[in-house]
Amino acid sequence: MYNQSTATTCFHSLPLMRCVFVRERITVVHAHSSFSAMAHDSLFHAKTMGLNTVFTDHSLFGFADVSSVLTNKLLTVSLCDTNHIICVSYTSKENTVLRAALNPEIVSVIPNAVDPTDFTPDPSFRRDDRITIVVISRLVYRKGIDLLGGIIPELCLKYPDLHFLIGGEGPKRIVLEEVREKYQLHDRVRLLGALEHKDVRGVLVQGHIFLNTSLTEAFCMAIVEGASCGLQVVSTRVGGIPEVLPEELITLCEPTVRSLCAGLETYLECETPRAHALVTGAVCVDTFFIQGCKLASANYCYAHTVDYIHGRRLGWAGGANVWEAAQIRNGGRPKSSLRIRLGELRSSTLPPEFCCFIFIMAAVQTEPSHFSQSWQRPFSIYGGLTCNSLMADSWSDRTPLHDAAYQGRLLTLRTLISQGFHVDTLTMDLVSPLHEACLGGHYACAMFLLENGANVDAVSTDGATPLFNSCSSGSAACVRVLLQHGATLNTPSLPASPIHEAAKQGHTECLDLLLSWGAHADVELPAVGTPLYSACAARAADCAMSLLHSGADVETGCGQDTPLHAAARSGGADIVDLLLDFGADRWSRNPEGKTPLDLSPPNSSVRLVLQKRGPCSLSQLCRFCIRRCLGRSRLHRASSLFLPRSIKDFLLCQ
């Protein structure tokens, strides 16, 4: 059903679980995780045998995609007669109550715990000559690794003494390796790979700041461990994270590169908060996140569940009261007979004709009328945008509309829109169906969405627009239709620029379309440079030629690093030759004081081209001067001058 997890069944596990329950004299069965087949089986068999049950949910999930709809129905069936439920944050509690249609009074909030003796500060491990940002996370999409890939080059460019220490493994590791390779940050960005839990403290104590870029979290233990080791925490403001640490120990940012960079810079530019965090963080975590306190809270839930069955009511002990788990004082469910359980199931979840089948098989059935209504309910206006309001922090809120758009299924798209789906339904990271259609290069789907009122300039949390996605996929047809519907060409405030993406990916047709519609050829983005610089770094010779013919400045790159430096570094001899033809200065120096010749590999074709080039001829110098005087906006008018054809071709480099 999810991440290679299997759907729950009752038959194969019954003999094994019954044997364990009877042999070990179990009185309370505590299950974890909505996607655990064993958890659902154990709850089902425990209630059938008259045992008390407790369930803990650690995650946030959505309401709109097929996986979430099926899982939420299964969770409703499993928890409809469970004695008590524990969540790790109030955000997680709201999510679970909505997903499983629970009575909030039987749901407690008990945050995760850390043993502060395992995570103590040690300033001796910190380097005084550098500032170290530590990231320990699974390298997957929902942990915001794409955001981290945008943060690293931007901050490393501004702070020469800044280093990143990254622990964890996952499919998004390639993103960080590409960033490190592209910007030559091998000595400043260390990728440690997978870490044993016993080795985590040894990494944390080397840092000054702990960075969390997650796109969704119910609690996030990593920031507690980081604060316990004395690190100042900078994190995205998603899910239950704002509930975890006090304000003086954490800086909360929006899940964007710009916001996270601003949050980090508040600590990179001053020493006092970091020194303060070393003491305050350990004391605070030692006070509020001790495991014994959490165990007391959990034990109270167990005792409350069992004693309620025997008719006794409990008062509050100190440990649970710290975490305001008093919601359960009116909770708990008495033992129910099979007939009562079936009645509860029928009244709270599904139509009568399906109850027996669900009760025996623990499967999920959804009546068609309920199925269609469940998609339409969650959508409302959030911050001026249509999105899934019940689960704005879920990473699994992709709708069938998004899938149909990405896969180019126009008929399905028409059907879903006619059934009431909003054309601008957004996921948690603000991705619209139009984003997906353009990323898949499906012109017909993009046209249909635009004709039905889709926002042509929708911006995702990564700053990507539909036009950017079209340039990324190389779909000139999508680029053209977006421009015809008024897409914004020049977005210097966004980190994702369409013209930069087209140049970097080598999509010449898309690039030519953007230039013909008036895109700025010399727009320079921080840590990215100009489109010509991107094309040279990516060895996209055709795109570099298009930009130069359109009048792009051959000397403007990324700061003092010129396009010729990028071409020499990437090993593109043909691009180096092209840039020299357009007047690139082969003796210019970058911030490190190196010329393009210094950056070229020994005995390479690039070095040979640079060494063979002599001074520019007088005719070339005249051409450069005339082109500069005309400017990019008037360069195309050179073809209409009353001059011989050969001279016009020479001026236009044709």
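**Burial and contacts in a predicted model**

Q: Which residues of helix α23 (residues 508–516) are buried?
A: In this predicted model, local features need pLDDT of at least 70 and side-chain atom pairs pLDDT 80 or more, while totals for chains, interfaces and linings use all residues. Residues are numbered from 1 along each chain as its sequence is written, and side-chain values use heavy atoms, without hydrogens and water. Helices (H or I, at least four residues) and strands (E, at least two) are DSSP runs numbered from the N terminus; buried means under 20% relative accessible area, exposed over 50%, partly exposed in between (1.4 Å probe, protein chains only). In α23 the buried residues are Cys 510, Leu 511, Leu 513, Leu 514 and Leu 515.

Q: Against which helices do the buried residues of α23 pack?
A: Contact requires heavy atoms within 4.5 Å. After α23 comes Gly 518, with a positive phi near 100°. The buried residues of α23 pack against α20 (466–473), α21 (476–484), α22 (498–505) and α25.

Q: Which residues touch the most other members of the largest nonpolar core?
A: A nonpolar core joins buried Ala, Val, Leu, Ile, Met, Phe, Trp, Tyr and Cys residues through side-chain atoms within 4.5 Å. The largest core holds 67 residues. The members touching the most others are Leu 482, Leu 514, Leu 547 and Leu 579.

Q: How many residues form the second, separate core?
A: In the largest core, Leu 482 has contacts that include Leu 434, Leu 450, Val 456 and Ala 487, setting aside neighbours within four places in sequence. The second core is separate and includes Ile 145, Ile 152, Leu 162 and Cys 261; its size is 32 residues.

Q: Is Arg 138 buried or partly exposed, and at what relative accessible area?
A: Arg 138 sits in the loop between β5 (131–136) and α5 (145–158). Beyond its neighbours within four places in sequence, Arg 138 contacts Lys 143, Ile 145 and Glu 169. Arg 138 is partly exposed, because its relative accessible area is 45%.

Q: Why does Ser 92 count as buried?
A: Ser 92 lies in helix α4 (residues 90–100). Not counting residues up to four places away in sequence, Ser 92 touches Asp 57, Ser 59, Leu 60, Cys 87 and Ala 218. Ser 92 counts as buried because its relative accessibility is 0%.
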